[in-house]
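Subject: Handing over the structure, with notes

Dear colleague,

Please find below the structure that I promised to pass on to you, and have it open while you read my notes.

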Amino acid sequence: MACPICARAPSPEARPFCSRRCADVDLARWLNGSYAIPSDSPEDIAAAAEALEQAPQKPH
(Lines give C-alpha, C1' and ligand atoms only; values in the text may rest on other atoms or scores of the structure.)
Protein backbone atom coordinates (compact mmCIF):
# COMPACT_ATOMS: atom_id res chain seq x y z
CA MET A 1 0.00 0.00 0.00
CA ALA A 2 1.41 3.39 -0.99
CA CYS A 3 1.15 6.65 0.94
CA PRO A 4 -2.33 8.07 0.21
CA ILE A 5 -0.89 11.59 -0.16
CA CYS A 6 2.21 11.19 -2.33
CA ALA A 7 2.23 7.48 -3.32
CA ARG A 8 5.66 6.76 -1.81
CA ALA A 9 6.30 3.63 0.25
CA PRO A 10 4.94 4.00 3.81
CA SER A 11 7.29 4.25 6.77
CA PRO A 12 6.71 2.18 9.90
CA GLU A 13 6.62 5.32 12.09
CA ALA A 14 3.94 7.11 10.05
CA ARG A 15 2.02 4.21 8.53
CA PRO A 16 -0.01 4.39 6.26
CA PHE A 17 1.86 7.57 5.31
CA CYS A 18 5.48 7.87 4.17
CA SER A 19 6.27 10.66 6.62
CA ARG A 20 4.87 12.82 9.39
CA ARG A 21 4.50 15.61 6.82
CA CYS A 22 2.09 13.56 4.70
CA ALA A 23 0.18 12.57 7.85
CA ASP A 24 -0.12 16.27 8.74
CA VAL A 25 -1.31 17.12 5.21
CA ASP A 26 -4.02 14.47 5.57
CA LEU A 27 -5.06 15.78 9.00
CA ALA A 28 -5.26 19.34 7.64
CA ARG A 29 -7.54 18.15 4.85
CA TRP A 30 -9.87 16.58 7.40
CA LEU A 31 -9.85 19.67 9.63
CA ASN A 32 -10.53 22.18 6.84
CA GLY A 33 -13.34 20.11 5.36
CA SER A 34 -11.66 18.93 2.17
CA TYR A 35 -12.76 15.43 3.03
CA ALA A 36 -16.48 15.05 3.55
CA ILE A 37 -19.06 12.31 3.44
CA PRO A 38 -21.98 13.34 1.21
CA SER A 39 -25.46 13.24 2.69
CA ASP A 40 -28.94 13.33 1.19
CA SER A 41 -30.57 13.94 4.58
CA PRO A 42 -32.94 16.94 4.47
CA GLU A 43 -31.65 18.05 7.89
CA ASP A 44 -28.05 18.07 6.64
CA ILE A 45 -29.01 19.99 3.49
CA ALA A 46 -30.88 22.59 5.55
CA ALA A 47 -27.96 22.94 7.98
CA ALA A 48 -25.50 23.38 5.10
CA ALA A 49 -27.70 26.02 3.46
CA GLU A 50 -28.01 27.90 6.75
CA ALA A 51 -24.24 27.77 7.29
CA LEU A 52 -23.67 29.22 3.80
CA GLU A 53 -26.08 32.06 4.50
CA GLN A 54 -24.28 32.92 7.75
CA ALA A 55 -20.74 32.62 6.35
CA PRO A 56 -18.91 35.89 5.81
CA GLN A 57 -18.71 36.84 2.15
CA LYS A 58 -15.25 37.02 0.55
CA PRO A 59 -14.51 40.12 -1.53
CA HIS A 60 -14.11 39.48 -5.26
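I begin with Ser 11, which lies in the segment before helix 1, where helices are DSSP runs of H or I with at least four residues, strands are runs of E with at least two, and both are numbered from the N terminus. This is a predicted model, in which local features need pLDDT of at least 70 and side-chain atom pairs count only at pLDDT 80 or more, while totals for chains, interfaces and linings use all residues. Residues are numbered from 1 along each chain as its sequence is written, and side-chain values use heavy atoms, with hydrogens and water left out.

Ser 11 counts as buried because its relative accessible area is 15% (buried means under 20%, exposed over 50%, and partly exposed in between, with a 1.4 Å probe and protein chains only). If residues up to four places away in sequence are not counted, Ser 11 touches Phe 17, Cys 18 and Ser 19, contact being heavy atoms within 4.5 Å.

Most residues other than glycine have a negative phi, and most peptide bonds are trans. Ala 7, which belongs to the segment before helix 1, has a positive phi near 75° although it is not a glycine, and with a relative accessible area of 55% this alanine is exposed. Pro 16 is also placed in the segment before helix 1, and the peptide bond that leads from Arg 15 to Pro 16 is cis, with omega near 10°.

Next comes helix 1 itself, whose twelve residues should span 16 Å at 1.5 Å a residue, which agrees with the 16 Å between its end C-alpha atoms (the expected span is 1.5 Å times one less than the number of residues). The buried residues of helix 1 are Cys 22, Ala 23 and Asp 26. They cover an arc of only 105° around the axis, so they sit on the same side of helix 1, the arc being that of the directions from the helix axis to the C-beta atoms. On the face turned away from that buried side, helix 1 carries the exposed residues Arg 20, Arg 21 and Leu 31.

How many salt bridges are there? The count comes to one, if a salt bridge is a side-chain nitrogen of Lys or Arg within 4 Å of a carboxyl oxygen of Asp or Glu. Arg 20 forms it with Asp 24, and their closest N and O atoms are 3.3 Å apart. Because these two residues are four apart in helix 1, about one helical turn separates Arg 20 from Asp 24. Arg 20 is exposed at 58% relative accessibility, whereas Asp 24 is partly exposed, at 37%.

Trp 30 lies in helix 1, which runs over residues 20-31. After the helix comes Gly 33, whose phi is positive, near 90°. Tyr 35 lies in the loop between helix 1 and helix 2 (42-54), and at 28% relative accessibility this tyrosine counts as partly exposed. Leaving aside neighbours within four places in sequence, Tyr 35 is in contact with Ile 5, Asp 26, Arg 29 and Trp 30. Tyr 35 and Ala 14, on the other hand, are 21 residues apart in sequence and 20 Å apart in space, C-alpha to C-alpha.
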